[in-house]
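Work through the exercises below with the model open. Try each task before reading its solution.

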Amino acid sequence: MSPATASSGGNWVESYTGMSSDNIKGLVLALSSSLFIGASFIVKKKGLKKAGASGLRAGAGGYSYLSEPLWWAGMIAMIVGEVANFAAYAFAPAILVTPLGALSIIISAVLAYVILREKLHIFGILGCALCVVGSTTIVLHAPQERAIESVTEVWDLATEPAFLSYAIIVLVAALILVFRFAPQYGQTHIMVYIGICSLVGSLSVMSVKALGIALKLTFSGMNQLNYPQTWVFTIIVVSCVSTQVNYLNKALDTFNTAVVSPIYYVMFTSLTILASVIMFKDWDRQKPTQIVTEMCGFVTILSGTFLLHRTKDMVDGSHHSSRLSKHANEDDDYSSDGIPLKSPDSFWQP
């Protein structure tokens, strides 16, 4: 196919859908990520139950699931989902990719109902519908991806005064939480651990996006690996994700997943959108009505997420209150606490 034909095809796609070809690629990758990660929870849980029937359960310290093919199938699905999620940031703005992480909970809820025969309350179905409506709203009004030809352009955006100020504020706040509040209040105040994950997470997404753009350009023939900025972004990704691993695991180990997941989703997504707006100036290329519509879509997703989590224990009119602390019924990460938005191993889309 000639460049002219490809350009013509891209223009046709953009005029027909109202989205650039890069945004569509990012959308498909983000949806694929949610599908694989959402399904991985169910497959892994199925494997854990099967392994627990013939050996020591994971919640009791057993590792029999490591010899269970179903568990490994779920793990592979999760890895594929994370790779797709990473790639999505290279093509589409974070304001489009990050909120779509909520769709994984719909996949998990529906598959849990079909495969695991877990109950889904009527309000849970409404929550799923709200997530779909909100996601569709954001997709239709998301800004176009910024055209970037070199990782040095991303570095210039990251070192502008506005984003540097944001990064400094985030780092100072995270350090205060880590050294001042976490030792004393981490085990009793859920916002401490989640605050650290969300603050650092917003920086990790920006670095992941920068690294993804560098790799995309490299694979297209413009080598970015010889730029020191690429490796700086790589170091930042490793540092930030390691911090998220540590404190998200602490939060999940200390508090109820049903409480952690929606709060983490709200904080992480909000701060990521804010960071993206500051660094990549997503809203500079949009009209006020588009921005307001995107925010309405985001609030709709939040409402659906909250409703789905709040009603997951409501069956036939009965309601069992969610516990804040997590010290009982812990067969595994997918026990009666519910299915989290994302796996504890997923940090770019909570």
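**Exercise 1.** In which helix does Ser135 lie? Then decide whether Ser135 is buried or exposed, and list its contacts.

*Solution.* The model is predicted; local features need pLDDT of at least 70, side-chain atom pairs count only at pLDDT 80 or more, and totals for chains, interfaces and linings use all residues. Residues are numbered from 1 along each chain as its sequence is written, and side-chain values use heavy atoms, with hydrogens and water left out.

Step 1. Ser135 lies in helix α6, residues 122-141. Helices are DSSP runs of H or I with at least four residues, numbered from the N terminus.

Step 2. Ser135 has a relative accessible area of 4%, so it is buried. Buried means under 20% relative accessible area, exposed over 50%, and partly exposed in between, with a 1.4 Å probe and protein chains only.

Step 3. Set aside neighbours within four places in sequence: Ser135 then contacts Leu100, Leu103 and Ile301. Contact means heavy atoms within 4.5 Å.

**Exercise 2.** How do helices α2 and α3 pack?

*Solution.* Step 1. Helix α2 (residues 21-54) and helix α3 (residues 69-91) pack at about 160°, with axes 7 Å apart. Axes are lines fitted to C-alpha atoms over the stretch in contact, and angles run from 0 to 180 degrees between N-to-C directions.

Step 1. That angle makes α2 roughly antiparallel to α3, a term for angles over 145 degrees.

**Exercise 3.** Which residues of the largest nonpolar core touch the most other members?

*Solution.* Step 1. A nonpolar core joins buried Ala, Val, Leu, Ile, Met, Phe, Trp, Tyr and Cys residues through side-chain atoms within 4.5 Å.

Step 1. The largest core has 76 residues; Val154, Phe163, Ile196, Met206, Val260 and Met279 touch the most other members.

Step 2. Helix α9 (residues 190-219) gives the largest share of this core, 17 residues.

Step 3. Not counting residues up to four places away, Met279 touches Val154, Leu157, Ala158, Phe163 and Met206.

Definitions and conventions. Helices (H or I, at least four residues) and strands (E, at least two) are DSSP runs, numbered from the N terminus. Angles under 35 degrees count as roughly parallel, over 145 as roughly antiparallel, 65 to 115 as roughly perpendicular and the rest as oblique.
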